Amino acid sequence: MGEELKNRTPARPIESVLTQARLRHLNQTETVVVGPESPVREVCVKMQETRTGGVLVVGPDGRLLGIFTERDYLDKLALPESRDRLHVDLSSPVKKLMTPSPRALSPGQTLGDAIRLMTEGGYRHIPLVEEDGKVFGLVSAGDLVMFIAEHFPTEVYNLPPRLHQRIRTLDGG
């Protein structure tokens, strides 16, 4: 993480840090990258081994083709609700189950941009792509939560159990 954020003054509000901190400086979980022909079974094993909820599917040129997440697995393979079920199994190539051309951000965009996109789209994983279309990484909602908890522990640990809860009296003496 950049020194400008580590040495911030305590009075600096969270909002200003979220609009200034760049995604390229975020401590991301390991980004797993697979090819479009990779069997879904192998992709799931990689996700399990690396304890990640999503992988990026890239072409031979390193450009993003799609994303495959736990949600894709559940919605399209494990628990499909539609009558026109996908005719795929764990040996099928991941390109049949991935979400093609996912929304992505650049590494130069801010944490606030990632939070906004995740909130608006209902995403838990956002690919990071350089200007030339090549993959830089993958940001998860957990990465953002860890950043906020690490840099603002007092604010996070003093949150009420329910967001809209108002504490009327102070505990303790």
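This is a predicted model: local features need pLDDT of at least 70, side-chain atom pairs count only at pLDDT 80 or more; totals for chains, interfaces and linings use all residues.
Next I looked up how the strands pair. S5 covers residues 125-129 and S6 covers residues 135-140. The two run antiparallel and are joined by five bridges. Opposite histidine 125 I found serine 140 of S6.

I then checked burial along S5. Five of its five residues are buried, with buried taken as under 20% relative accessible area. In a regular strand, side chains alternate between the two faces of the sheet.

I turned to the largest pocket, which holds about 270 Å³ of space. I counted 15 lining residues, with Ile67, Thr69, Thr99, Tyr123 and His125 nearest the centre. Strand S3 (64-69), helix H4 (70-78) and S5 each give at least two residues to this lining. H4 has the largest share, with four residues. By class I noted four nonpolar, five polar and six charged residues.

My last entry is the second largest pocket, at about 160 Å³. Its lining consists of Cys44, Met47, Gln48, Arg51, Thr52, Phe68, Glu70, Tyr73 and Leu74. Helix H3 (40-50) and H4 each supply at least two of the lining residues. The classes here are five nonpolar, two polar and two charged.

Key. Residues are numbered from 1 along each chain as its sequence is written. Side-chain values use heavy atoms; hydrogens and water are left out. Buried means under 20% relative accessible area, exposed over 50%, partly exposed in between (1.4 Å probe, protein chains only). Two strands pair if DSSP finds at least two bridges between them. On a 1 Å grid over the protein atoms alone, a cavity is a set of points where a 1.4 Å probe fits but cannot get out, and a pocket is an open set with protein on both sides within 12 Å along at least five of seven lines; lining residues have an atom within 4 Å of a point. Grid points are joined across faces, edges and corners, and a volume is the space filled by probe spheres set on the points. Ala, Val, Leu, Ile, Met, Phe, Trp, Tyr, Cys and Pro count as nonpolar, Asp, Glu, Lys and Arg as charged, and the others, Gly among them, as polar.
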